[in-house]
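Dear colleague,

I am handing over the structure below, and my notes on what was found in it follow directly after. Please read them with the model open beside you.

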Amino acid sequence: PQKHPEYLETCVVTFPSGRTADALKVTHPSAIAWAAQMGTVTLHPWQVRCPDTEHPDELRIDLDPQPGTAFVQARDVAVDVLKPVLDELGLVGYPKTSGGRGVHIFLRIKPDWDFIAVRRAGIALAREVERRAPTAVTTSWWKEERGKRIFIDYNQNARDRTFASAYSARKTPIATVSTPLSWEELRDADPDDYTISTVPDFVASRPDPWADIESEAQSLEALLEMVKADEQERGLSDLPYPPSYPKMPGEPPRVQPSKTVAANCDDEGNRV
């Protein structure tokens with residue numbers, strides 16, 4: 001809000017509509033206390049830092065279970081499929097529970113690319129995971145096409161999409177916490193084990209699995225090469241944005257497949 005304590009630091013962010021807002025910068029515990037007394041349960045930070053809020057310094061991967069799947073399936077995809085892909089690309093990801101049924105993986109990256117490029121890199125990574133486990137993973141934006149698979153929500157890398165921060169409490173009956181884990185811990189994890197009652201002792205009992213996340217800002221070049229390969233060799237272009245976004249260059253039609261009427265569309269599915 002415009003009226004806030006002078007000790008708070010803020011940063012201007014721009015939404016897809018062009019509207020701007022002052023985002024809270026958590027630079028001191030007092031900022032968290034202020035957010036809590038304003039009714040904040042879960043902190044949802046952007047994937048950027050001041051002063052350059054146009055270039056993300058994180059690539060984020062959201063493994064989102066669909067009906068008929070659960071955390072166990074998301075966990076298995078993360079450990080058995082996604083992690084080997086990252087290893088092959090020389091990339092290091094840092095996993096955490098979402099606090100719900102999903103799994104989040106963060107990659108620290110160089111702030112050399114805009115939201116469009118980072119999102120396309122995320123799509124390329126998601127498509128490679130889908131190719132390796134097509135019966136377990138989907139990148140389909142349309143729910144009617146996802147089936148009982150883990151959806152990799154590539155649009156979480158678009159401008160103004162946010163994740164629950166590490167160690168944020170979630171609004172669940174047992175007050176689960178979005179908890180950073182090592183890859184080995186994730187292999188046998190149960191998200192219900194991490195709550196506001198249990199996480200403090202858990203954190204105190206082990207080294208920080210994300211201690212090295214700031215040690216190296218990684219390059220997206222390998223993933224952007226995969227973007228080119230998808231386009232030139234596989235004929236795979238961009239994927240739909242969320243409905244709140246303006247029509248983006250190169251974006252396919254935002255028409256639910258079952259509602260596409262051939263007589264009203266061209267060969268690429270665009271309405272005519």
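The charged end of R119 sits over the ring of Y241, at 3.5 Å from the ring centre, where sitting over a ring requires NZ of Lys or CZ of Arg to be within 6 Å of the ring centre and within 35 degrees of the ring normal. A second case is R146, whose charged end sits over the ring of F151, 3.7 Å from its centre.

Please bear in mind that this is a predicted model, in which local features need pLDDT of at least 70 and side-chain atom pairs count only at pLDDT 80 or more, while totals for chains, interfaces and linings use all residues. Residues are numbered from 1 along each chain as its sequence is written, and side-chain values use heavy atoms, with hydrogens and water left out.

Turning to the rings, the count comes to 10 aromatic pairs, a pair being two rings of Phe, Tyr or Trp (its six-membered ring) with centres within 6.5 Å, called stacked if the planes are under 30 degrees apart, edge-to-face if over 60, and tilted for the rest. F15 and W46 make an edge-to-face pair, with 5.7 Å centre to centre and 75° between the planes. Because F15 lies in the loop between β1 (9–14) and β2 and W46 in the loop between α1 and β3, this pair ties together parts that are 31 residues apart in sequence; helices (H or I, at least four residues) and strands (E, at least two) are DSSP runs, numbered from the N terminus. Both F15 and W46 are buried, which stands for under 20% relative accessible area, with exposed for over 50% and partly exposed in between (1.4 Å probe, protein chains only). Elsewhere, Y94, F106, F163 and W210 form one aromatic cluster.

In helix α1 (residues 29–37), the buried residues are A31, W34 and A35. Seen down the axis of α1, these residues fall within an arc of 100°, so they line one face of the helix, the arc being that of the directions from the helix axis to the C-beta atoms. P29 and Q37, on the other side of α1, are exposed.
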